[in-house]
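Visitor: Could you take me on a close look at one part of this model? I would like to see how the pieces there sit together.

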Amino acid sequence: MLIEFSVTNFRSFREKQTFSMAAVPRLGKKGNVFKPDVKGEKKTPNLLKIAAIYGPNASGKSNLIKALGIIQSLLKHKTSELLPVAPFRFDPSLADQPSRFEFHFIVHGQRYEFMLAATQERIIEEQLVSYPKGKETLLYKRQYIASREVYVFGETLEGGEVLHEAWRNLTSSRMLFIYQAVTNSSDELQQLKIPYLWLDMHVRTIPRNMSNLTKAALSIGSGNPSLNFEKHISSFLNEIDVPISNIQFEVEDNSEKRNEPVRLGDNSNSNPIISSRNTNELDELTATFTHTTALGDAKFDFSEESDGTKNLIGFSLPWHLMGIKQSPLQVLIIDELDSSLHPKIVACLIEKLLKFDPPVQLIFTTHDTHLMDTKLLRRDQYWLTERDMNGATQLRSIHDFDGRESEDVEKRYYEGRYRGLPILRKG
């Protein structure tokens, strides 16, 4: 589970900004927080299940989502390409400085801190620290100093000197060391694999365009009849008043096409890796949706469905994963959750997620202030982005501002009490 995340010198972020999922003590709505299981530590704070991020257009909300998804971006990029980072462009002194990212999280009952610094040309620094029973323990540190790579391996790091040196030699300047170490080690070595899988699979970021996720959901449904995933999709849609009672798939049979796996979990935790058609082949898939009304049924092609319904079909996939015990998906991060969705549907989804057991975390950006009026969330679950006079993103929790727990958050937001509103010029 995510405790906090910090970003520095990345896109609209200039100085270090920290986003926290640590709950503020003595606030109400106890069902909105949970106590993480951390072995040997008694002072670990409760964590928030949900956080909503508000702010004007171009204030940095999407850049925060990109920063949170930096690990997945690095793992997908080709080593021949420049790394997907960019410094804050309004300050010339930062042009050659690396972007920095820090993840503080909990997995398998232990705290970790992962730090990464990189320019477009190369990784400058990478470090992983664990906290067994609360004691800070360096696992490894990698730095680019004076035109050479310097590695420090912790005394407790598994594998031994020969294997450590092999991992080091396999790691190029644009590649994560933790990725090479996990990829080139046996299943018995779990010390780096556990935090790596959290960074790679337990956290998932979704851009505002859910088209790829929708393709994945339909591809899984068509490629794995035994899963009855289409029933899950229709059930999910029915719960939020989208009257689709049945989904049928027809796929062109082409045995020469190569199937590719869609990863839903990690084999080490007995979660399925479900074989599915490549989502690029969705054009060959015909999906028919049966809508049921008081007058009877009518069938519609996927292309005839609304953008909101298409987004919900995509969202049904991570929603399904979050509801599975032992699921690898623990933190879901969405840019503009309210895109093409009615505010009451968004509120309904949040209300349902707060009841998930085991708990999961949802972080999303939105312009929908209706959520502020629902009394579903606490003051520390609302975050704001705004640009300062230098064009840099400032990130704050509403709880950082004076106020009562019972105050009308939406009203005070529109009054500018928390700032984070667009400045509109008349004339």
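Visitor: At what angle do the axes of helix 6 and helix 8 cross, and within what distance do they come?

Guide: Happy to! First, this is a predicted model, where local features need pLDDT of at least 70, side-chain atom pairs count only at pLDDT 80 or more, and totals for chains, interfaces and linings use all residues. Residues are numbered from 1 along each chain as its sequence is written, and side-chain values use heavy atoms, leaving out hydrogens and water.

Now to your helices (DSSP runs of H or I, at least four residues, numbered from the N terminus). The axes of helix 6 (residues 211-223) and helix 8 come within 7 Å and cross at roughly 70°; axes are lines fitted to C-alpha atoms over the stretch in contact, with angles from 0 to 180 degrees between N-to-C directions. Helix 6 and helix 8 are therefore roughly perpendicular to each other, a label for angles of 65 to 115 degrees.

Let's follow Phe 315. The structure holds 20 aromatic pairs, meaning rings of Phe, Tyr and Trp (its six-membered ring) with centres within 6.5 Å. One of them joins Phe 315 to Phe 236, 6.2 Å centre to centre with 55° between the planes. That pair is tilted, the class left when planes under 30 degrees apart count as stacked and over 60 as edge-to-face. Phe 236 belongs to helix 7 (residues 229-239) and Phe 315 to helix 8 (residues 307-322), 79 residues apart. Both Phe 236 and Phe 315 are buried, with under 20% relative accessible area (1.4 Å probe, protein chains only).

Terms used:
Helix = DSSP H or I, 4+ residues; strand = E, 2+ residues; numbered from the N terminus. Buried < 20%, exposed > 50% of the residue type's maximum accessible area, 1.4 Å probe, protein only. Parallel < 35°, antiparallel > 145°, perpendicular 65-115°, else oblique.
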